[in-house]
Amino acid sequence: MNLAADDVLTWTEVARLARRPALPTPPSILVPGVRAASKVAPIARSAPELFDMFLHWPVADTTRLKRDFGFRLAYSSAESIADQGRHS
């Protein structure tokens, strides 16, 4: 299991690798819609927080982990997402 990987993917790349459709939507349109839906649909209650996380996805620097501890990544981000896409 990777904690982080060296490659950084866009959401369009993630969707393609996971074999899922992607519909690029500006946050200025998407976020208010999700917030409104979360007020009336119980299933969408956590959606606003998830969208905040997805809009500000963390990217980790693995330089010290590799240099100081000799850690070697088992998979790239792209390989991990592609593998997940094959199994879902």
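Reply: Helices (H or I, at least four residues) and strands (E, at least two) are DSSP runs, numbered from the N terminus. The chain here has 5 helices and 0 strands, in the order α-α-α-α-α from the N terminus. This is a predicted model, in which local features need pLDDT of at least 70 and side-chain atom pairs pLDDT 80 or more, whereas totals for chains, interfaces and linings use all residues. Residues are numbered from 1 along each chain as its sequence is written, and side-chain values use heavy atoms, without hydrogens and water.

Me: What share of the residues of the chain counts as buried?

Reply: Buried means under 20% relative accessible area (1.4 Å probe, protein chains only). Of the 88 residues, 18% count as buried.

Me: How is a pocket read, and what volume does the second largest pocket have?

Reply: Rolling a probe the size of a water molecule over the atoms shows where empty space is left. On a 1 Å grid over the protein atoms alone, a pocket is an open set of points where a 1.4 Å probe fits, with protein on both sides within 12 Å along at least five of seven lines; lining residues have an atom within 4 Å of a point. The second largest pocket has a volume of about 430 Å³, the space filled by probe spheres set on points joined across faces, edges and corners. Among its 15 lining residues, Trp11, Leu23, Pro24, Thr25 and Leu30 are the closest to its centre.

Me: Which element gives the largest share of that lining?

Reply: The largest share, 4 residues, comes from α1.

Definitions and conventions:
Buried means under 20% relative accessible area, exposed over 50%, partly exposed in between (1.4 Å probe, protein chains only).
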